[in-house]
Amino acid sequence: MLASAFVRLPHPNPTADDVRAAAIADPQFGRVFTDHMVSIRYKEGIGWHDAKVMPRGPLSLDPATAVLHYAQEIFEGLKAYRLDDGSMALFRIEANAARFNASARRMAMAELPEELFIAAVKEAVAADADWFPPVAGGALYLRPFMYASEVFLGVKPASEYHFLVIVSPVGNYFKSGAPAVSLWVSEDYTRAAPGGTGAAKCGGNYAASLIAQSEAIAKGHDQVVFLDAAEHRWIEELGGMNMFFVMDDGSIVTPPLTGTILPGITRDTIITLARDAGLAVREERYAIDQWQANAQSGKLTESFACGTAAVVTPVGKVTRGDASFTIGAGGPGQVTTMLKDRLVGIQRGLVPDPHGWVTRL
Ligand SMILES: *Cc1c(COP(=O)(O)O)cnc(C)c1O
């Protein structure tokens, strides 16, 4: 199917201007949605078909729809940014398209041609560009996702899939105020095991992580940090963000992509930007005991988490059982701030884009 083959069905009764303006004045994260969505269907033997931009609305699912039973579901998350000149741009969308298919392969789902993924996201942004939120750090958050839509209870990869893109105007992920987040180290739960689905962006990984995230919140922290499933020793990532550790000699450590952590596009971008800045980056395992000892001795000066939604988020404090330790001075460090500024600068078109990451719309 051609990427140009979208049928456009404009909303017959779009949100009134004043209602939309009120909704996007302080959108927060993931609560406000636009008027349209993109929908494409897949069926074995037919392939991808029925691509349309249509009014956003509820999906009607047969109770035996496969995703409701066996959880074949994957997603992506990316943002459309506003550039200085008022136009909009996407950041590394080719990487999202490729990762979507890597997730599809792991979950035994149909792959979506990358140019169709990219065209679908562009259609979604074009349909609802007037929903761009006029707030600092604001963006249109795009959520492409796909679920098994075959109506069948037999245990096998589905033969039908439904791909959609929905759009959410967003502000900052974390409610402003705190300069850094506090983390809770989960010692009871793990997020992913070797051979499992940790490297796929699937809803199931989140389902498995929510109990630990709730525990972190209940104990007064912002986010949970997961350790590896085999030794309960090596730092993996947060529920939805990758981790970086900055040492006093300016070098940076981040956990390697061993199949149990999500290959974040922000992670890859930060590694590149740090190396561009002349910093040594090592992708190597880092143990929770090392983190605590190095933070306490001063060998480790900064730590941060990163992802599309929350961008670069400094870690201020870490709690493990009854013990807590503070990272640096407990706020954003110099290297963290420098890398965040460079990343945001490229995303917003304020500084040159030497790697060709930005797609102007
Ligand atoms: C999406 C995601 C990330 C961050 O990936 P980005 O491409 O940087 O947004 C990190 N960890 C998990 C578990 C994720 O689902």
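Start by selecting Phe117: this residue is buried, at 0% relative accessible area (buried means under 20%, exposed over 50%, partly exposed in between, with a 1.4 Å probe and protein chains only). You're looking at a predicted model, where local features need pLDDT of at least 70, side-chain atom pairs count only at pLDDT 80 or more, and totals for chains, interfaces and linings use all residues. Residues are numbered from 1 along each chain as its sequence is written, and side-chain values use heavy atoms, leaving out hydrogens and water.

(Rings of Phe, Tyr and Trp, the last by its six-membered ring, pair if their centres lie within 6.5 Å; planes under 30 degrees apart are stacked, over 60 edge-to-face, the rest tilted.)

Phe29 is partly exposed at 24%, while Tyr141 is buried at 8%. For a cluster linked by ring pairs, select Phe245, Tyr286, Trp291 and Phe325.

Last stop, the ligand. Show Glu237: an N or O atom of its side chain is 2.6 Å from a ligand nitrogen. A polar one of Ile265 lies 2.8 Å from a ligand oxygen, and a polar one of Met241 is 3.5 Å from a ligand nitrogen.

Conventions:
A polar contact is a pair of N or O atoms within 3.5 Å; within protein, one must be able to donate a hydrogen and the other to accept it, and residues adjacent in sequence count only if both atoms are side-chain atoms.
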